[in-house]
Amino acid sequence: MGLLQLLKSQFLCHLIICYVFLVSGLIINLLQLCTLPLWTVSKQLARRINIRLAYCITSQMVAALEWWSGTECTLYTDPKSYPLYGKENAIVVLNHTFDIDFLCGWTFCERFGVLGSSKVLAKKELSYVPVIGWMWYFLEIVFCKRKWEEDRSMVTKSLQKLQDYPENFWFLLYCEGTRFTPKKHKISMQVAESKGLAKLKYHLLPRTKGFWVTAQNLRGTAAAVYDSTLNFRNDEAPTLRGILNGKKYHADLYVRRIPLELVPEDEAECAAWLHKLYQEKDDFQEHYTQTGRFPGPTVSPPRRPWSLINWLFWSCLLLYPLGLLLTQLISSGSLLTIVASLAVCSAVSFGVRWMIGQTEIHRGSSYGNKEVPLNNN
Ligand SMILES: CC/C=C\C/C=C\C/C=C\C/C=C\C/C=C\C/C=C\CCC(=O)SCCNC(=O)CCNC(=O)[C@H](O)C(C)(C)COP(=O)(O)OP(=O)(O)OC[C@H]1O[C@@H](n2cnc3c(N)ncnc32)[C@H](O)[C@@H]1OP(=O)(O)O
Ligand SMILES: CCCCCCCCCCCCCCCC(=O)OC[C@@H](O)COP(=O)(O)O
């Protein structure tokens with residue numbers, strides 16, 4: 001192990017990175033709160049400011065992946081579609097297989113200049129996560145309880161609000177609705193069988209209602225669906241802890257651009273279209289497993305310096321006062337202040353560990369985990 005790699009694996013480094021993320025994140029949440037009065041005066045200006053504030057948070061995690069761990073991201077796509085990425089609104093459909101698939105998604109957003117404005121149909125529980133979840137309120141992220149009857153009107157309303165969004169955005173949909181586990185896969189394939197649908201090897205059966213309502217409400221707003229399939233080389237199982245430890249991964253993303261006009265408007269036809277899409281995604285994953293690559297040409301959209309610059313800015317801003325505080329603390333020799341500082345460090349460490357836990361599949365929800373009574377007709 002090289003010296004740099006050894007440094008990256010040190011707990012103290014992780015504590016510093018997490019301190020900068022947490023404290024800057026809370027400051028930005030506070031700034032977002034301050035934009036509240038602006039929403040009534042100029043909604044579009046408030047949105048543009050919040051896009052930039054959100055960028056300051058999410059790009060720190062992207063910088064950790066791109067610059068700290070040096071993870072490589074390769075894009076497999078049609079060269080004719082490439083110039084359109086980042087220049088139009090799009091609905092992104094992505095497999096939900098890895099702890100950090102969302103972070104790879106953010107990394108591609110960053111490389112095409114839509115990181116601050118990117119959106120997702122997210123489970124409600126994530127809205128309570130400090131920093132990221134709180135930031136999402138101001139970004140007009142669409143939340144769902146994963147109970148269609150309760151979600152229907154709220155999801156529709158939230159999507160309609162995006163129709164006059166002032167900057168290009170990608171709206172991410174994990175149609176599988178939850179992360180892949182062998183148990184969830186087994187149950188969802190029982191559902192597929194009972195519905196006479198083809199079985200999938202690498203995906204859960206997609207939930208079609210969210211996709212249909214998104215396509216319907218973003219028609220005329222989004223130009224295309226980006227069917228995206230992510231995999232990692234050499235059976236890597238990437239984690240956020242691995243990224244913090246400076247471990248380098250190799251992400252491959254296969255993207256097909258499908259004009260939104262090709263998605264059927266009728267709900268049943270749209271559902272059938274999505275099921276077919278997932279069967280094709282499964283074939284691409286099979287191709288990857290057999291050959292170690294996706295079909296078609298590759299490009300590696302370059303890293304941009306902004307995520308690193310933002311990270312360095314917040315680090316300088318927050319580590320300087322921390323350094324001063326620590327020096328004063330040690331020179332004061334007060335046992336009480338030293339104990340209080342250790343308690344704050346432990347709280348930061350505990351808080352961020354809990355947040356990292358949200359990204360870990362083995363701590364995932366029980367959604368899609370329960371055997372459902374099947375109607376075999
Ligand atoms: C150039 C580069 C291109 C791309 C770059 C890639 C990506 C970058 C893009 C953007 C990045 C932006 C942000 C990313 C940042 C962070 C994101 C992090 C995480 C958030 C993600 C989540 O929280 S995922 C969880 C929440 N989201 C969803 O669930 C979405 C999908 N779900 C739906 O759409 C659902 O329909 C619903 C949520 C709207 C409603 O849920 P409900 O459970 O009520 O669903 P349904 O009524 O649809 O389900 C019942 C039907 O499903 C069948 N079914 C299938 N499997 C099962 C099963 N296991 N158990 C029971 N039922 C099952 C069932 O038969 C029903 O079928 P019907 O035919 O009767 O409808
Ligand atoms: C600079 C780096 C500092 C690191 C600090 C850690 C920050 C943690 C950020 C938490 C972001 C949370 C996003 C989690 C996304 C996710 O993966 O959600 C899972 C859901 O889709 C589905 O849930 P489930 O049904 O449980 O599979």
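**Exercise 1.** Determine which residue in β6 stands opposite Val-92.

*Solution.* Residue numbers start from 1 along each chain as its sequence is written, and chains are lettered from A and ligands numbered from 1 in the order in which they are written. The model is predicted, and local features need pLDDT of at least 70, side-chain atom pairs count only at pLDDT 80 or more, and totals for chains, interfaces and linings use all residues.

Step 1. Strands are DSSP runs of E with at least two residues, and helices are runs of H or I with at least four, numbered from the N terminus. Strand β2 covers residues 90-94 and strand β6 residues 224-232.

Step 2. Two strands pair if DSSP finds at least two bridges between them; β2 and β6 have five, in the parallel sense.

Step 3. The residue opposite Val-92 is Tyr-226.

**Exercise 2.** State the strand order of the open sheet and identify its edge strands.

*Solution.* Step 1. The eight strands run β4-β3-β5-β2-β6-β7-β1-β8, with mixed pairing.

Step 2. β4 (142-144) and β8 (298-299) each pair on one side only, which makes them the edge strands.

**Exercise 3.** Describe how helices α2 and α12 are arranged.

*Solution.* Step 1. The axes (lines fitted to C-alpha atoms over the stretch in contact, with angles from 0 to 180 degrees between N-to-C directions) of α2 (residues 11-34) and α12 (residues 306-332) come within 10 Å and cross at roughly 95°.

Step 2. Therefore α2 is roughly perpendicular to α12 (angles of 65 to 115 degrees; under 35 is roughly parallel, over 145 roughly antiparallel, the rest oblique).

Step 3. Contacts (C-beta atoms, placed from the backbone, within 7 Å) join residues including Ile-16 and Val-20 in α2 with residues including Trp-314 and Leu-318 in α12.

Note on methods:
Two residues are in contact if their C-beta atoms, placed from the backbone, lie within 7 Å.
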